[in-house]
Amino acid sequence: MSHIGTGMTEVWSGDTPLLHEVVRRAGKSLVPWQAALEVTHRCNLRCKHCYIDRELRQYPGDELSVPEWSEILDQLVAEGTLYLLFTGGEVLLRSDFLNIAFAAKERNFRIAILTNGTLVDAAVIAGLARLRPIAVGVSLYGATAPTHEAVTGCPGSFEASREAIVRLTQNDVPVVAQVTIMDGNIHEVGAIRTLVDSLGASLSMSHELVPTRGCSQSPLQFRPTYDAINRYLASDPLFRTLEPGLGPTTCQAGRAVCAISPYGEVLPCLMMPMLLGNLRDRSFRDIWWENPSDDLVSLRSLSRGDFESCDGCADAAFCERCPGVALAETGSLTGRPPSTCHSAATRAKLYSEMQGETSI
């Protein structure tokens with residue numbers, strides 16, 4: 001999957017101060033406002049940067065059935081969840097995926113879906129048109145087949161994904177092209193924007209790469225260099241709106257956000273390899289409210305002051321600390337992950353150079 005759909009929140013609700021205040025209040029009350037549901041880890045592509053480890057993408061395991069998902073959906077309704085993000089793996093590898101999605105619609109959830117688009121056929125389009133999700137995110141890794149397929153490892157995947165975007169938009173299904181920028185596709189950023197616009201889709205773009213669920217650092221080798229970012233992204237709207245912030249802050253993982261694996265495991269978010277409990281053994285209420293694990297209690301207790309390793313850092317104003325990435329890279333929620341430091345330094349340097357251009 002692309003950048004895990006973290007940008008999909010803005011797609012379905014608008015990136016507004018009101019939204020942030022709603023999420024903050026939900027987190028303060030520990031209401032699981034948004035849940036990411038991984039219906040499978042299996043995938044028909046072999047994307048080189050994927051955060052799902054390769055062995056999981058090939059093994060179906062004992063995935064939750066439609067009745068089990070329906071029971072989980074009832075539990076999420078009871079706990080105040082409003083938004084669902086269906087993701088994988090590739091959700092459409094499950095022939096019963098639309099059954100799960102319609103079970104969510106019947107319970108009045110607002111729904112977004114992530115897919116690579118290669119399995120979108122007439123039946124899927126008809127189903128999604130009836131489902132009326134807030135957005136369907138389709139992975140796109142280039143403006144041309146060679147570039148896209150160098151990432152997916154599958155010939156024909158570019159045309160299949162492009163065609164899926166076209167057909168979905170033609171049937172009034174809102175599509176967001178999910179673009180992860182890497183060393184091998186950054187040169188096509190401008191062309192990707194042009195392509196996505198011509199297809200009638202919206203665009204969500206990120207150059208952040210993260211460790212795998214099993215904490216492998218292998219995806220990080222595909223990060224674009226600073227020189228490439230400066231050359232191809234410095235004038236892009238993605239960076240032209242760049243502004244310094246207040247530095248590392250705590251996120252809503254384990255507070256207003258949660259994730260559920262294909263096997264019923266509850267996690268604070270998609271990016272945090274921290275098992276909180278299994279819904280085949282315990283209720284969501286028990287895991288989330290009544291008997292939270294020591295790890296979850298520790299996560300919820302984090303505050304800005306816990307990121308002591310960032311004191312005095314010149315790039316702190318551009319640091320977007322993710323406890324999940326920190327845990328995967330350092331073994332600690334408050335550790336200083338090298339990939340985050342790299343991203344913060346990149347943002348700080350670009351901002352400095354852009355400010356210099358403005359003052360000329």
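Helices here are DSSP runs of H or I with at least four residues, numbered from the N terminus. On that count, Gln75 sits in helix 4. The model is a predicted one.

- Strand 5 (residues 175-180) runs parallel to strand 6, and five bridges join the two.
- Thr180 has Ser206, in strand 6, as its bridge partner.

**Helix 4**
- Helix 4 spans residues 66-79, 14 residues in total. From first C-alpha to last it reaches 20 Å, close to the 20 Å expected at 1.5 Å a residue.
- Its buried residues are Trp69, Ser70, Ile72, Leu73, Gln75, Leu76 and Glu79.
- These buried residues pack against strand 1 (34-38), strand 2 (83-87) and strand 7 (257-260). They also pack against helix 5 (97-106) and helix 12 (284-290).
- Gly80 follows helix 4, with a positive phi near 95°.

**Gln75**
- Is Gln75 buried or exposed? Its relative accessibility is 16%, and buried means under 20%. Gln75 therefore counts as buried.
- Setting aside neighbours within four places in sequence, Gln75 is in contact with Leu279, Ser283 and Phe284.

**Helix 9**
- Helix 9 covers residues 189-199, and Val189, Ile192, Leu195, Val196 and Leu199 are buried in it.
- Why do these residues lie on the same side of helix 9? They cover an arc of only 120° around the axis, which puts them there.
- The face turned away from that buried side carries Thr194, Asp197 and Ser198, which are exposed.
- The buried residues of helix 9 pack against helix 8, strand 5, strand 6 and helix 10 (226-232).
- Gly200 comes after helix 9, and its phi is positive, near 80°.

Technical notes. Residues numbered from 1 in each chain as written. Predicted model: local features only at pLDDT ≥ 70, side-chain atom pairs only at ≥ 80, totals over all residues. Heavy atoms only, no water. Expected span 1.5 Å × (residues − 1). Buried < 20%, exposed > 50% of the residue type's maximum accessible area, 1.4 Å probe, protein only. Contact = heavy atoms within 4.5 Å. Pairing = 2+ DSSP bridges. Arc of directions from axis to C-beta.
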